Amino acid sequence: MPKLNLPRPDYSARRRHLMQKMHVASVAIIPTAIPKSRNSDVQYPFRGDSDFLYLTGFVEPEAVLVLIPGHADGEQILFCRPRDPERETWEGRRAGLEGALEQCQVDRCLSIHDLNDVLPQLLENRELLFYPMGQSTDFDARVMHWRNVAKSKIRQGVRYPLEVVDVADLIHEMRLFKDPEEIEILRAAVGISGAGHRHAMRQCQPGMLEYELAAEIEHVFHRLGSPSVAYPSIVGGGVNGCILHYTENDAELRDGDLVLIDAGAEVGAYAGDITRTLPVNGVFSPAQREIYEVVLASQEAGIAAIQVGRSVADYHDEAVRVLVDGLLDLKILSGKRDVVIEQGSYKAFYMHRTGHWLGMDVHDVGCYRSADQSWRKLAAGMVLTVEPGLYLSPDNQSVPERWRGIGIRIEDDVLVTASGPDILSGEVPKRIADVEAMMAAGPGSGDNRWSR
C-alpha cells in the first residue's frame with residue numbers, strides 16, 4: 001500500500017493564534033514528552049506530547065517550543081537535538097537544527113543542549129510565564145530554576161515572570177475545535193480503524209484466541225498506513241466483554257458467545273475509536289439480540305441528539321432514557337423510568353458516560369462544563385464518541401440467567417456539523433442483519449478500503 005498522503009496543518013498559524021491569547025509581555029514554554037523506559041535498557045516507542053505536536057508537528061524527543069510575543073530576535077523558537085552521526089547510527093536519523101527549522105517554520109532553531117543557558121535570558125522582562133506545570137516534576141524544577149536565574153537580576157532592573165499560568169487551558173480550547181486538516185486526518189484514522197473492524201467481522205470464528213483477532217485487526221491498521229494503535233485493543237469474548245477496559249486478550253472465543261471489540265488506529269497523531277460487538281459464530285442468539293437491540297436503539301438516540309446548540313450532556317441523557325426503557329421492558333429493572341434514572345439503579349448495568357471528545361488523544365482534551373458548572377453547548381468542529389453499553393455480570397443474580405454474562409457496547413465517532421451529526425465510522429456495520437451478513441462472507445472477502 002502507498003504511504004498515506006495526509007494534509008499538513010498550518011502549525012505556524014496555530015502558534016500565532018496561541019500567542020494572540022497570551023499577554024503581550026509573556027513567554028510560553030511547551031516541552032514534548034519525555035521518553036519512558038519499559039524495562040532494563042528497552043524504551044517504549046516514543047510518542048510526543050499532544051499539545052507540543054499540535055503546535056509543531058515535530059515528532060522527535062528532547063524538544064521544547066518557546067513562544068515570546070513581540071520578541072525582537074524571534075517570537076517562535078524551537079530547541080531540538082542537533083545532528084549526531086554516531087548517535088544516529090544507533091538510534092535513527094535526526095532532523096537537526098536546519099531540518100527542524102524547515103519542517104516547523106519557526107523563527108529560530110537552537111540546540112537542546114543550550115536550553116539551560118538561553119532560557120533564563122528569554123524569561124527576562126516577561127511578566128507572565130505560560131507553562132504546563134505538573135506534567136513532569138523534573139522539568140518543572142528546571143523551569144523554576146530558569147525563573148530564579150532571571151529573578152536574580154532584579155537589582156539590575158530586570159523583570160521576571162511573577163505568575164505562572166497553565167498554558168494547557170489555552171491550547172486545549174483550541175484543540176477542541178477541529179480545523180479542516182484535522183478533520184481529514186481524523187477521517188483517515190477512523191476509516192482505517194473501520195477497515196480493521198470489518199476485517200475482524202470476516203475473520204472471527206470459534207476457537208480463535210482473543211489476541212489472534214486483535215492481531216488481525218492491528219495488521220489491517222498497519223497495512224493501511226497506521227504506525228500504531230491509538231490505545232491497547234480490547235477484544236473481550238464472553239464474560240470478558242463485561243470488563244470495560246479488558247486488555248488481557250488471551251481467552252478462547254467460544255461458539256455461542258459474543259466478542260466485544262474496542263480498537264482504534266492512530267494516524268498522523270489522531271485517534272480512531274470504534275467498538276462493535278459480534279457473535280463469535282456469526283449469528284446472534286435470541287437473548288443476545290434482545291440486549292443488542294436495546295443498546296443499538298440507545299446509540300441511535302444519542303447520535304440524533306448531537307446537534308449544534310444542544311448541551312454536551314443531552315446525548316448521554318437521551319441514550320440513558322432508551323437504555324432504561326429497554327431494561328424495564330425486559331423486566332431486568334422495575335419501576336418508573338424517571339425514578340430509575342434519578343436513583344441510578346441502571347448504573348449496575350451501565351456505569352460510564354455515553355462518550356468523550358476525540359482527537360489527538362483518544363479521550364481528548366476540552367472542558368465539558370463551564371466555570372458555573374453548566375454543560376457545554378455543542379458547536380461545529382467538535383468530534384466525540386457515542387458509545388452506550390450494557391454489561392450484565394455473570395455474578396448478578398438479579399438478572400435472568402439467559403442474559404447473564406452478556407456485555408455489549410456499540411461506539412461510533414461523530415463530527416458535529418451545522419447540518420447535524422456526521423458519523424465518521426458509518427461504514428462499519430452495526431445493525432444485526434448487516435453484521436451477520438458481513439460475518440457470513442468469511443475470510444478472503446475483504447474490500448481493503450477505508451473512507452476518506
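**Strand pairing and helix packing in a predicted model**

Colleague: In which sense do strand S1 and strand S7 pair?
Modeller: In this predicted model, strand S1 (residues 26-31) and strand S7 (residues 128-130) are joined over three bridges. The sense of the S1 and S7 pairing is parallel.

Colleague: What is the strand order in the open sheet of six strands?
Modeller: The pairing in this sheet is mixed. Its edge strands, each pairing on one side only, are S6 (108-111) and S8 (163-165). From one strand to the next, the twist averages 20°. The order is S6-S5-S4-S1-S7-S8.

Colleague: At what angle to S6 does helix H4 run?
Modeller: Helix H4 covers residues 96-104. It lies across two strands, S5 (76-80) and S6. Its angle to S6 is about 150°.

Colleague: How many residues lie between S18 and S19 in their hairpin?
Modeller: Strand S18 (residues 412-417) and strand S19 (residues 420-423) run antiparallel, joined by four bridges. Val-416 stands opposite Pro-421 of S19. The number of residues between the two strands of the hairpin is two.

Colleague: Are H10 and H11 roughly parallel or roughly antiparallel?
Modeller: Helix H10 (residues 286-304) and helix H11 (residues 314-329) have axes that come within 8 Å. These axes cross at roughly 155°. Angles over 145 degrees count as roughly antiparallel. H10 and H11 are therefore roughly antiparallel.

Colleague: How many residues in the contact of H10 with H11 are charged?
Modeller: H10 contributes residues including Val-294, Ala-297 and Ala-301, and H11 brings Glu-318, Val-322 and Leu-323 among them. By class, eight residues of this contact are nonpolar and three are polar. The charged count is one.

Colleague: Which hand does the crossing of H10 and H11 have?
Modeller: The crossing in question is the one at roughly 155°. H10 passes H11 in a crossing that is right-handed.

Colleague: Why are H8 and H13 described as roughly perpendicular?
Modeller: Helix H8 (residues 180-203) packs with helix H13 (residues 432-441), their axes 6 Å apart. The class roughly perpendicular takes in angles of 65 to 115 degrees. H8 and H13 are therefore roughly perpendicular, as their angle is about 65°.

Colleague: Which residues of H13 does H8 meet?
Modeller: From H8 come Arg-198, Met-201 and Arg-202. This contact has four nonpolar, no polar and two charged residues. The partners in H13 are Val-435, Met-438 and Met-439.

Conventions: Residues are numbered from 1 along each chain as its sequence is written. This is a predicted model: local features need pLDDT of at least 70, side-chain atom pairs count only at pLDDT 80 or more; totals for chains, interfaces and linings use all residues. Side-chain values use heavy atoms; hydrogens and water are left out. Two strands pair if DSSP finds at least two bridges between them. Axes are lines fitted to C-alpha atoms, for helices over the stretch in contact, and angles run from 0 to 180 degrees between N-to-C directions. Angles under 35 degrees count as roughly parallel, over 145 as roughly antiparallel, 65 to 115 as roughly perpendicular and the rest as oblique. Contact means heavy atoms within 4.5 Å. Ala, Val, Leu, Ile, Met, Phe, Trp, Tyr, Cys and Pro count as nonpolar, Asp, Glu, Lys and Arg as charged, and the others, Gly among them, as polar. A crossing is left-handed if the near helix is turned anticlockwise from the far one by less than a right angle, and right-handed if clockwise.
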